[in-house]
Amino acid sequence: MQPITDAQPVPAIQKLPGHVMIPPKAMADGSQVHGTWCLPGSAADAVVHDLAATLTAGGWTSVTTRGDATKAGLSAERDGMSLSYVVSASSAATCRAPGHYFTSATIFRTR
């Protein structure tokens, strides 16, 4: 794995149509960047399929999805970065399902 900074993944991730809960932030050792959003949608798997379409249109490759209406995930690659999203239903007042889904991203650089 190669070091990564907060600024590197931000241009690579298309603007998500939701509320940023925790902006992308690098781990202290520079190994990963994490970010969290509250995204609108009808189910976790529907949110993941929307993300997959957005990422594919933005040049990400090896885009794969998995999961169901309650919890779903996505992985993709671009420019030496690997991206993984986990989308899940939440009961939190600021991101309550149905209608909104807690979305967490992890990004790391492999080359």
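Strand 5 (81-88) and strand 6 (99-109) pair in the antiparallel sense over eight bridges; two strands count as paired if DSSP finds at least two bridges between them. Strands are DSSP runs (E, at least two residues), numbered from the N terminus. The structure is a predicted model, in which local features need pLDDT of at least 70, side-chain atom pairs count only at pLDDT 80 or more, and totals for chains, interfaces and linings use all residues. Residues are numbered from 1 along each chain as its sequence is written, and side-chain values use heavy atoms, with hydrogens and water left out.

**Strand pairing**

- Within the pairing of strand 5 with strand 6, valine 86 stands opposite serine 104 of strand 6.
- Strand 6 is also joined to strand 2 by nine bridges, and these two strands run antiparallel.
- Valine 33 has isoleucine 107, in strand 6, as its bridge partner.
- Strand 3 (residues 61-67) and strand 4 (residues 71-78) run antiparallel and are joined by five bridges.
- Three residues lie between strand 3 and strand 4, and the two strands form a hairpin.
- Threonine 65 has leucine 74, in strand 4, as its bridge partner.
- In a regular strand, side chains alternate between the two faces of the sheet.

**Histidine 34**

- Histidine 34 belongs to strand 2 (residues 33-41).
- Histidine 34 counts as partly exposed because its relative accessibility is 28%; buried means under 20% relative accessible area, exposed over 50%, and partly exposed in between (1.4 Å probe, protein chains only).
- Although histidine 34 and threonine 106 are 72 residues apart along the chain, their C-alpha atoms are separated by 4.7 Å.
- The side chains of histidine 34 and threonine 106 make a polar contact at 3.1 Å. A polar contact is a pair of N or O atoms within 3.5 Å; within protein, one must be able to donate a hydrogen and the other to accept it, and residues adjacent in sequence count only if both atoms are side-chain atoms.
- A further polar contact, of 2.9 Å, joins the side chain of histidine 34 to that of glutamine 32.
- Leaving aside neighbours within four places in sequence, histidine 34 is in contact (heavy atoms within 4.5 Å) with Pro23, Pro24, Lys25, Met27, Ala105 and Thr106.

**Serine 90**

- Serine 90 is located in the loop between strand 5 and strand 6.
- The side chain of serine 90 reaches the backbone nitrogen of alanine 92 at 3.0 Å.
- Not counting residues up to four places away in sequence, serine 90 touches Cys95, Arg96, Ala97 and Phe102.

Notes. Helix = DSSP H or I, 4+ residues; strand = E, 2+ residues; numbered from the N terminus.
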